[in-house]
Amino acid sequence: QFVLQHNDGETEFINRRGDLILSASTGRVGIGTNDPDSNLYVLGDSGIRIRKDATAADNSTGIRMGVHDSDIIKSAIQFVRKGSNGTGDLQFWVDSTTDTNDVGSGDVKMTISGSGNIGIGTTSPESTLTLKSSNTIGSETNPHNAAKASILTLTSSAGVLGQLSFDNNEIRQYGSNLYMSAIGNDAEQY
């Protein structure tokens with residue numbers, strides 16, 4: 001049961017226990033509090049539960065976000081069912097196109113799999129951290145081969161700390177000048 005309450009000129013709908021409130025003047029909803037300071041304020045030990053009633057793989061549910069003067073959603077944190085008993089992956093979706101289309105399952109940028117693997121640029125990470133791109137990741141020039149860019153660049157406020165490049169079965173690190181080759185058993189430093 002809800003009670004219509006007038007409090008200091010504000011109209012509120014509040015349940016009898018006082019732990020659910022809808023403020024008519026601000027449009028704010030409070031759950032577990034009678035003084036919500038944001039659009040939705042949830043206070044309690046059990047958290048928020050988001051659930052979709054579905055049993056098939058690739059069904060998803062989550063939180064979708066957007067900042068626009070109309071109802072355009074460009075990012076989401078989604079849970080995607082992949083297996084039985086509701087198991088699946090947590091995915092981060094970001095749509096960076098400047099159009100009026102909402103974010104969708106084709107906009108996955110990062111996945112945390114049910115097994116704990118993290119994938120950036122892939123929805124199926126094969127190892128603890130999997131980076132995939134159709135382009136070179138990063139834009140720093142490889143100092144030993146200007147035609148190739150480094151796949152991973154580590155930076156700080158002081159500048160580039162190091163660069164890592166994988167090509168032709170070679171691992172190269174350009175900060176401490178380490179070079180290793182997977183061809184044969186030779187290792188070379190320069």
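The following questions and answers concern a predicted model of a protein chain.

Reader: How many helices and strands make up the secondary structure of the protein chain?
Author: In this predicted model, the protein chain has 190 residues, of which 22% count as buried. Its secondary structure comes to 0 helices and 16 strands.

Reader: Which strands stand at the edges of the open sheet of 6 strands?
Author: The sheet has the order S6-S7-S8-S9-S10-S11, with mixed pairing, and its neighbouring strands are turned by 15 degrees against each other on average, direction ignored. An edge strand has a single partner strand, so one side of it is left without a neighbour in the sheet. The strands in that position are S6 and S11 (129–131).

Reader: Which residue is the bridge partner of Ile-112 in S10?
Author: Strand S9 covers residues 108–112 and strand S10 covers residues 118–120. The two strands run antiparallel and are joined by 3 bridges. In S10, the partner of Ile-112 is Ile-118.

Reader: Is Met-65 buried, partly exposed or exposed, and what is its relative accessible area?
Author: Met-65 lies in strand S6 and is one of the residues that make the nonpolar surface patch. Buried means under 20% relative accessible area and exposed means over 50%, with partly exposed in between. Met-65 is therefore partly exposed, with a relative accessible area of 37%.

How values were computed. Residues numbered from 1 in each chain as written. Predicted model: local features only at pLDDT ≥ 70, side-chain atom pairs only at ≥ 80, totals over all residues. Heavy atoms only, no water. Patch = residues over 30% accessible without salt bridge, like charges linked within 9 Å, V, L, I, M, F, W, Y side chains within 5 Å. Areas by Shrake-Rupley, 256 points an atom, 1.4 Å probe, with all protein chains shown as cover. Salt bridge = Lys/Arg side-chain N within 4 Å of Asp/Glu carboxyl O. Helix = DSSP H or I, 4+ residues; strand = E, 2+ residues; numbered from the N terminus. Buried < 20%, exposed > 50% of the residue type's maximum accessible area, 1.4 Å probe, protein only. Pairing = 2+ DSSP bridges. Axes fitted to C-alpha atoms, helices over the stretch in contact; angles between N-to-C directions.
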